[in-house]
Amino acid sequence: MANQPPLQFSLDRSSPVPLYYQLSQQLEAAIEQGGLAPGSLLGNEIDLAARLGLSRPTVRQAIQSLVDKGLLIRRRGVGTQVLHSQVKRPLELSSLYDDLEAAGQHPATRVLHHGTEAAAAGVAAALGVPEGTEVLRIERLRLAHGEPMAHLCNHLPVGLLDAGPARLEETGLYRLIRAAGITLHSARQTIGARAATAEEGERLAEPEGASLLTMERTTYDDTGRAVEYGSHVYRASRYSFEFQLLVRP
């Protein structure tokens, strides 16, 4: 269990932003950027308050805000410990594996299913093939730091990708598609949210009824052919999507 190294905080007492919020934001940034790794221990509230010249209630409120976000946990007899950083995924055509790796989250994969099946109506429409056409279904559990992050179900045209379960557990699906000589060009994506079923909660280490993010994506190559349809669910406690919004001229 790692101890927390000394961190430098810059608090602006003349700012209208509350001090507890300034501290919580800087602590969150330290967690996301690796300054506070999972398992690190924060100093106790009294020592941290004395070092920063803050009141203990201010420090307690900052820490509690991160406990509420699931980034910290208070353990009796141990202290306040870093759990993990939340993955913030940009909305671009990238794979979850690549995004986790870029964020230093140590991704891993368990292949739950790999085989062909007759395409249901929704899958057939997404891939642009007749209903009942044989397609490849790949079902995986994606983990980060050994914790489940997402349940991924992907359908691909048969013959597009020659990669078995062992290869899929080593790297991301998009890397394998690109390695097969396919140029990914664009995608159509829908994001939503719903409550976890009992089965999903057990699979993702969340209670039944916990909030899940959902994503459906159809990906096209540079010829306009649909090469992959994905239906994924993510733990909302560990995962979010980031949007950049621009004003139209």
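Modeller: Start with a rule: a salt bridge is a side-chain nitrogen of Lys or Arg within 4 Å of a carboxyl oxygen of Asp or Glu. This is a predicted model, where local features need pLDDT of at least 70 and side-chain atom pairs count only at pLDDT 80 or more, while totals for chains, interfaces and linings use all residues. Residues are numbered from 1 along each chain as its sequence is written, and side-chain values use heavy atoms, with hydrogens and water left out.

Biologist: How many salt bridges does the structure hold?

Modeller: There are 10 salt bridges. Take R60 and E45: their side chains meet at 3.4 Å, N to O. R60 sits in helix α3 (residues 56–68) and E45 in helix α2 (residues 45–52), so this pair ties together parts that are 15 residues apart in sequence. Helices here are DSSP runs of H or I with at least four residues, strands are runs of E with at least two, and numbering starts from the N terminus.

Biologist: Which residues are linked with R60 in a network of salt bridges?

Modeller: The network links E45, R56 and R60.

Biologist: Which residue meets R194 in a salt bridge?

Modeller: That is E200, at 2.7 Å from N to O. R194 is partly exposed, at 35% relative accessible area. E200 is buried, at 12%. R167 also forms a salt bridge, with E170, and their closest N and O atoms are 2.9 Å apart. R167 is partly exposed at 40%.

Biologist: Back to α3. What should its 13 residues span?

Modeller: The expected span is 1.5 Å times one less than the number of residues. For α3 that comes to 18 Å, and its end C-alpha atoms are 18 Å apart, which agrees.

Biologist: Which residues of α3 are buried?

Modeller: T58, V59, A62, I63 and L66 are buried in α3. Their arc around the axis is only 130°, which puts them on the same side of α3. The arc is taken from the directions that run from the helix axis to the C-beta atoms.

Biologist: Now the sheet. In what order do its strands run?

Modeller: Pairing comes first: two strands pair if DSSP finds at least two bridges between them. Here 6 strands form an open sheet, ordered β4-β5-β6-β9-β8-β7, with antiparallel pairing. The edge strands are β4 (107–118) and β7 (184–195), and each pairs on one side only.

Biologist: How many residues of β6 are buried?

Modeller: In β6 (residues 147–157), 9 of the 11 residues are buried, so the strand is largely enclosed by the rest of the structure. On one side, 10 bridges join β6 to the antiparallel strand β5 (residues 134–144). There, R140 has L152 of β6 as its bridge partner. The β5 and β6 hairpin has 2 residues between the strands, and H145 takes a positive phi near 55° in it.

Biologist: How many bridges pair β6 with β9?

Modeller: They pair over 6 bridges, in the antiparallel sense. A150 stands opposite Y234 in β9. Then 9 bridges join β9 (residues 226–235) to β8 (residues 211–221), again antiparallel. M215 has H232 of β9 as its bridge partner.

Notes:
Buried < 20%, exposed > 50% of the residue type's maximum accessible area, 1.4 Å probe, protein only.
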